[in-house]
Each structure stands twice: as structure tokens, then as C-alpha cells.
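Subject: Structure handover

Hi,

Here is the structure for your files. My notes on what turned up follow below it.

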Amino acid sequence: MVDAVTLTNVQFQYPNTDRPILDDVSLRFKMGEWTTIIGHNGSGKSTLARLIDGLLVPKQGQIMVCGLPVTEENMVQVHQRVGIVFQNPDNQFVGATVADDVAFGLENRQVPPAEMGPRIRQALTAVGMEKLADAEPAMLSGGQKQRVAIAGILALKPQVIILDEATSMLDPAGRQLVLDLLQRLRAQQHYTIISITHDPVEMTIADRVVVLDGGRIVRQGPTATVLQDVALLQRIGVGVPAGQALRQALVDRGVPVPARYFTEKEMVEWLCQQL
């Protein structure tokens, strides 16, 4: 099976800077996989997302999306396969109503009017916003706005969804709602998800974690393995998931906790079994 995204020896440097923001980065993202990318601010996470979508052009190296080279001549096809949900949902609205906003991307793709209506309804239903199709975006909560932004991406029927700090401006309830939605959609539609985040809860959802530092990949692997490295998480300035922090605190006190990663729920269940 062709990988959803591959990067081979990719380098990118912004103008008027003294070093590359990404230097000789090679990565593979499998179809249907959820990968979380973490690292310091300025480590190149958002740059990586924009390179995958063709919004930036690498200085060297090659990027492939669903077997297609990310080049100028292939940009239309690349944008059909990749959708990005950005940090601030307010910056993503262009329509007077929720339905108009979802329609905007379809209009840009010149989707026939007869096809647009069903696709808009399907996308809004998928995110639970169909009853607010005629609402003004300004009247929505942060979580609802982000759900509409996701609907706009779903209507375009991509294969890869990139979340660029997409939950960072939401309150805990809104964040959990959006994450639950994305997990359900991935299970139903087999989307490939690339998540850029500092949120410990969002990290635990991923199948795999990639750590960027100094423009390079310093660690990657299964989530359970990477998130056990508490010292690394602290060094790069991201939060330690609550379950892992609890496990580490117990280990530091001599409690023989099994040597595997636990989510907060799993840790609570394990502790209850010890009583």
C-alpha cells in the first residue's frame, strides 16, 4: 500500500535566517494512521504541515502525498488529498452562514451545484452541526466553530487531515468534543491524521509520536514508547500526559508499575486492581 505522506531528506529555510528550520527530515505517514508531532515552539512543526500541503516549497528533498509528488504542476491534486485545520477557527470563516462557509471550498473546486448541497449536508451531519447550517458563525462557540472548520475539510473529501494546533484555543470540553469527533471520523472513514499539538490529552490518542528538535527528528515511535520518556517531554517543553506523570511518580517512589505506557483511565483502573 502507498503511504499517505512521505518526506525524503527535506530541508527548508526561511529567508533572512541563519539556519534551516527543517534539516534533512525523512518521515513516512501510513494510510489510516494518527501521528502526533511535538516539539518546542519554532521547531518546524507548522512548517512541516505547510510543506506537505504545498504551501511552502522545500529547499531540497522530496515530498509525496498518496504517491503524488508535491510539485507546482500537481498542486490541485495535492490540495484535493490534504486538508488543514488551523489553530484559530475565527480566521477560517469566509461565509455569512455555516453552510455558506462549508460551500466556499467546494465553489473553489468548481464542484457542480447539484453535488454541493448533499456534500454540505453530509459534512455538517458528520460533525453534528446540521441543525445550525443557517446560523451566523459569530454566534457559535469555539468548539462549534472548529467543528464547522472540520466540516469544510470533510466536504472536500481529503485522504489526509492535518491539525495544526487545532484544539489549542478551545476549553477542555470543546477540545474533548473535537477529539472525540475526529476519532469517530477516522474509524468510519479511515482518514490519515497528522496532529501538531502541545496538548497531553491529544498526544495519547495517536498511534505514533514524532519529536522535532533543532530542525531534526530526535525521536519517533509508538505513542506508548515515546511518552514514557518524561525527561525528553520536559526538555522540549510539552506537557506530560496525566497517566504517564502518575506512573512516573509511582515508579520514583519504588512502586513496581508495569513497564508500559498508561493513559489516565488505564492508570486509575490499574490502581483500583491493586487495592
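Which residues of helix 1 are buried? They are Lys45, Thr47, Leu48, Ala49, Leu51 and Ile52. Buried means under 20% relative accessible area, exposed means over 50%, and partly exposed lies in between (1.4 Å probe, protein chains only). Helix 1 spans residues 45–52 and is mostly covered, with six of its eight residues buried. Just after helix 1 comes Gly54, with a positive phi of about 80°.

Ground rules before the rest. This is a predicted model: local features need pLDDT of at least 70, side-chain atom pairs count only at pLDDT 80 or more, and totals for chains, interfaces and linings use all residues. Residues are numbered from 1 along each chain as its sequence is written, and side-chain values use heavy atoms, with hydrogens and water left out. Helices (H or I, at least four residues) and strands (E, at least two) are DSSP runs, numbered from the N terminus.

Helix packing

Two packed helices are described by the angle between their axes and the distance between the axes. The axes here are lines fitted to C-alpha atoms, for helices over the stretch in contact, and angles run from 0 to 180 degrees between N-to-C directions.

Start with helix 3 (residues 98–108) and helix 4 (residues 113–126). They pack at an angle of about 120°, with their axes 10 Å apart. That makes helix 3 oblique to helix 4. For the classes: under 35 degrees is roughly parallel, over 145 roughly antiparallel, 65 to 115 roughly perpendicular, and the rest oblique. The contact (heavy atoms within 4.5 Å) is made on the helix 3 side by Val98, Ala99, Val102, Ala103, Leu106 and Glu107. Helix 4 brings Met116, Arg119, Ile120, Ala123 and Leu124. The crossing of helix 3 and helix 4 is right-handed. Left-handed would need the near helix turned anticlockwise from the far one by less than a right angle; right-handed is clockwise.

Helix 3 also meets helix 5 (residues 142–154). Their axes come within 8 Å and cross at roughly 35°. This crossing is right-handed. Val98, Asp101 and Val102 of helix 3 meet Val148, Ala151 and Gly152 of helix 5.

Then helix 10 (residues 242–252) and helix 11 (residues 264–274). Their axes come within 7 Å and cross at roughly 40°. Helix 10 and helix 11 are therefore oblique to each other. From helix 10, Ala242, Gly243, Leu246, Arg247 and Leu250 meet Glu264, Met267, Trp270 and Leu271 of helix 11. Arg247 counts as buried, at 8% relative accessibility. Arg247 and Thr263 are 16 residues apart in sequence and 9.4 Å apart in space, C-alpha to C-alpha.

Rings

How many aromatic pairs does a search of the whole structure find? One. The rings of Phe12 and Tyr14 have centres 4.7 Å apart and planes at 85°, so the pair is edge-to-face. The cut-offs cover rings of Phe, Tyr and Trp (its six-membered ring): centres within 6.5 Å make a pair, with planes under 30 degrees apart stacked, over 60 edge-to-face and the rest tilted. Phe12 is buried at 7% relative accessibility, whereas Tyr14 is partly exposed at 31%.

There is also a charge over a ring. The charged end of Arg208 sits over the ring of Phe29, 5.4 Å from its centre. The test is NZ of Lys or CZ of Arg within 6 Å of the ring centre and within 35 degrees of the ring normal.

Loops

Pro89 sits in the loop between strand 6 (82–85) and helix 3. Pro89 is buried, with a relative accessible area of 5%. Leaving aside neighbours within four places in sequence, Pro89 is in contact with Gly142, Lys145 and Gln146. Pro89 and Ala138 are 49 residues apart in sequence and 11 Å apart in space, C-alpha to C-alpha.

Next, two backbone angles to look at. Gln110 is not a glycine, yet has a positive phi of about 60°. Its place is the loop between helix 3 and helix 4. Gln110 is exposed, with a relative accessible area of 70%. Lys157, a residue other than glycine, has a positive phi near 55°. Lys157 lies in the loop between helix 5 and strand 7 (160–164). At 52% relative accessibility, Lys157 counts as exposed.

Best wishes
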